[in-house]
Amino acid sequence: MFARLALCSRLPPRNRLSYIHPASIRTFSQNKFSLPRPHGKSFVHRSELKQAKRIVVKLGSAVVTRGDECGLALGRLASIVEQVAVLQNQGREMMIVTSGAVAFGKQRLRHEILLSQSVRQALHSGQNQLKEMSVPVLEARACAAAGQSGLMALYEAMFTQYSTCTAQILVTNLDFHDEQKRRNLNSTLHELLRMNIVPIINTNDAVVPPPVPNSDLQGVISIKDNDSLAARLAVEMKADLLIALSDVEGLYDSPPGTDDAKLIDIFYPGDQQSVKYGTKSRVGIGGMEAKVKAALWALQGGTSVVIASGTHPKVTGHVITDIMEGKKVGTFFSEVKPAGPTVEQQTEMARHAGRTLASLHPEQRGEIICSLSELLTEKKEEILSANKRDLELAASSGRMSQAMINRLSLSTAKLNSLAIGLRQLAVSSRDSVGRVLRRTRVANNLELEQITVPIGVLLVIFESRPDCLPQVSALAIASGNALLLKGGKEASHTNKILHQLTQEALSIHGVTDAIQLVSTREEVDDLCRLDKLVDLIIPRGSSQLVRNIQRAAKGIPVLGHSEGVCHVYIDQDASIDKAIDVVRDSKCDYPAACNAMETLLIHRDLLRTPIFDQLIDMLRTEHVKIHAGPRFASYLTFSPSEVMSLRTEYGDLECCIEVVDSMQDAVDHIHKYGSSHTDVIVTESEETAEQFLQQVDSACVFWNSSSRFADGYRFGLGAEVGISTARIHARGPVGLEGLLTTKWVLRGEGHTVADFSEQGSMKYLHENIPVPQGSFS
């Protein structure tokens with residue numbers, strides 16, 4: 001018999017229909033993958049893994065067994081089973097290649113031996129006190145024979161919790177090398193998959209001979225371990241994907257744990273010579289070299305492969321689903337090597353060139369920014385042509401709101417404004433990196449300086465706003481920071497030409513690589529995991545984008561705000577003309593901006609007065625849709641639609657109107673429902689205004705001024721990377737100063753701490769030394 005097949009004896013109710021074609025009993029409308037693709041060509045990019053229909057999951061010995069190698073890691077195994085069952089119930093065809101029979105059998109036999117010894121000893125001595133007992137070394141094949149049935153029973157019990165049926169298949173090399181047995185195995189597996197059953201495959205370790213070195217037939221991989229078994233099975237069954245789970249995160253360029261060892265994100269067949277392999281895992285008979293060999297063989301056969309960790313406690317519970325969603329987990333094997341560098345390589349290039357950029361003289365960095373400013377004017381026709389193409393594609397897709405299209409659009413006026421702002425920044429950049437903030441004489445001939453330095457590598461993720469690219473680039477140049485840019489695909493043509501112009505400007509001082517545009521298909525979540533390469537993330541876009549980045553960032557600070565719920569409060573002592581002008585500009589000048597008014601607060605005494613009537617008439621004339629707050633609605637017989645939430649950022653010609661009893665009531669409302677972005681008071685009472693300015697805890701607080709002034713260019717910063725609502729480092733419009741940090745420089749003459757001890761000869765002075773304006777280290 002080519003295989004030892006044991007079907008589960010009882011099918012759960014859902015599986016009694018398993019002889020019907022699976023398409024008739026599964027809800028394919030919920031699937032995120034397409035119909036089966038023609039086999040023979042593996043996936044090129046991780047994002048395509050969502051399309052995988054037939055999947056082999058290989059569980060290594062280190063994944064299945066406990067640390068003591070006696071027994072199974074039940075919690076880990078349960079989470080993996082859950083993920084496999086979920087994918088199976090989505091309509092995919094799942095197969096498992098598992099280790100663990102030897103470990104399970106070892107636990108079982110040890111228990112039996114100890115029990116037997118204790119019984120014999122008790123009978124022999126007649127006493128309850130037993131001597132210390134030793135367990136003999138157990139032969140692996142005997143352990144496998146004792147453990148296979150228990151391992152399968154465990155899998156069956158776990159999968160039953162998800163109404164999923166399983167079947168066990170034990171194989172040996174002959175089942176693949178003998179043509180008739182191979183056809184029988186293939187037929188059995190296809191029949192199980194057709195019946196919506198998860199096959200669980202393992203080598204028959206109870207009878208299998210020891211592996212013979214270098215015994216691979218030409219073009220065929222021998223079954224020496226479960227890595228080679230999984231690869232052979234995946235190719236035999238024309239699987240779309242093989243997920244090999246081990247006790248390491250993936251393939252490293254040198255043994256994990258050694259200095260400078262880096263996880264390889266994507267591995268290509270020609271990269272074998274660049275990898276140094278370490279020792280194999282604590283259990284199992286394979287190793288990483290065996291895994292890579294099996295993976296490359298499967299890849300050549302048309303099956304995509306990912307090697308990842310199945311033991312890491314933080315990822316085991318979702319490692320398989322993360323891989324299926326295209327996330328950067330483990331090492332992905334691909335036959336097609338992209339033409340350009342990887343995002344990791346881009347970041348390294350940017351960091352290296354960024355250090356050169358930071359060492360340039362301030363006037364040289366200013367020259368780069370001036371050059372970029374001139375290029376924006378000289379090449380405006382090319383820029384606008386690329387932008388027109390993006391706008392046409394956005395309009396034809398029908399998926400973008402008008403507010404997003406407005407952000408995407410560039411004009412001659414916008415480009416001119418950008419150019420002016422960059423020239424302002426070029427002047428201020430001369431007073432940035434290396435500026436002395438304080439100088440202290442610690443002791444005689446021992447002086448300390450605190451100086452400004454770049455943060456390092458910035459990652460700016462922005463959507464729909466291509467004008468962000470030259471602004472942020474200029475700020476990075478001025479502050480001496482390396483920059484990694486990830487723009488939305490809706491602005492790809494505009495971003496491409498703007499980045500080309502930026503690199504052209506950088507080239508005049510040989511730092512072209514300091515600013516990189518990520519053009520590969522990197523997911524935002526993956527970029528947020530570059531904690532060893534990126535020092536600060538700055539999101540520019542919707543509140544949802546910012547929240548997603550804040551949630552996904554792992555160990556990297558995020559500078560920005562998630563929402564721009566800006567308020568304008570009309571006090572009882574407000575001027576009619578000022579109120580109308582400020583509200584109109586705050587809401588209607590650019591409704592999609594984060595500094596646009598979203599909530600209009602009106603003092604209760606102004607209801608049914610000329611100022612209130614004129615405000616309402618103006619908003620209607622400007623086609624602003626009004627939503628009534630709860631208190632405002634209570635004053636009206638027929639009110640506008642009541643607001644769903646007082647924390648809404650509309651980003652369009654819409655706003656909420658709410659009534660408050662006093663200035664203090666307005667402040668309390670802003671603190672409860674605002675986003676600490678920008679809030680405004682309109683009043684002729686200086687006393688009331690000053691109280692408002694002092695009490696409101698927002699990044700920007702204005703008196704008788706439009707909220708739209710909350711902008712780096714309008715503040716005279718030249719440009720901004722965004723507006724921060726954080727309370728540390730930088731707040732409000734973040735310009736050049738917000739992209740600098742400090743370091744301490746101490747200059748001495750062989751001083752030691754021992755010199756300042758009780759027995760030492762020196763005393764601390766700690767004298768502040770005046771620092772002249774514009775002093776540089």
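A: The largest nonpolar core of this predicted model has 48 residues, a nonpolar core being a set of buried Ala, Val, Leu, Ile, Met, Phe, Trp, Tyr and Cys residues joined through side-chain atoms within 4.5 Å. Buried means under 20% relative accessible area, exposed over 50%, and partly exposed in between, with a 1.4 Å probe and protein chains only. Ile368, Ile369, Ile383, Leu425, Val460, Leu483 and Leu485 have the most contacts inside this core. Its largest share, 8 residues, comes from H15. A second, separate core of 39 residues includes Leu185, Ala230, Leu296 and Ala298.

Residues are numbered from 1 along each chain as its sequence is written. Because the model is predicted, local features need pLDDT of at least 70 and side-chain atom pairs count only at pLDDT 80 or more, while totals for chains, interfaces and linings use all residues; side-chain values use heavy atoms, without hydrogens and water.

Leu425 touches Ile369, Ala474, Leu475, Ala478, Leu717, Gly718, Ala719 and Leu736, leaving aside residues up to four places away in sequence; contact means heavy atoms within 4.5 Å. Leu425 also belongs to the packing of two helices: Leu418, Leu422 and Leu425 in H14 meet Pro470, Gln471, Ala474, Leu475 and Ala478 in H15. By class, this contact has 7 nonpolar, 1 polar and no charged residues (Ala, Val, Leu, Ile, Met, Phe, Trp, Tyr, Cys and Pro count as nonpolar, Asp, Glu, Lys and Arg as charged, and the others, Gly among them, as polar). Helix H14 (residues 412-428) and helix H15 (residues 468-479) pack at an angle of about 10°, their axes 10 Å apart. H14 and H15 are therefore roughly parallel, a term for angles under 35 degrees.

The side chains of Asp265 and Arg46 meet in a salt bridge, at 2.9 Å from N to O; a salt bridge is a side-chain nitrogen of Lys or Arg within 4 Å of a carboxyl oxygen of Asp or Glu. Asp265 lies in the loop between strands S6 (241-246) and S7 (266-267) and Arg46 in the loop between strands S1 (4-7) and S2 (54-59), so the pair ties together parts that are 219 residues apart in sequence. Both Asp265 and Arg46 are buried. Asp227 forms a salt bridge with Lys291, with the closest N and O atoms 3.5 Å apart. Asp227 and Lys291 are both buried.

How values were computed: Helices (H or I, at least four residues) and strands (E, at least two) are DSSP runs, numbered from the N terminus. Axes are lines fitted to C-alpha atoms, for helices over the stretch in contact, and angles run from 0 to 180 degrees between N-to-C directions. Angles under 35 degrees count as roughly parallel, over 145 as roughly antiparallel, 65 to 115 as roughly perpendicular and the rest as oblique.
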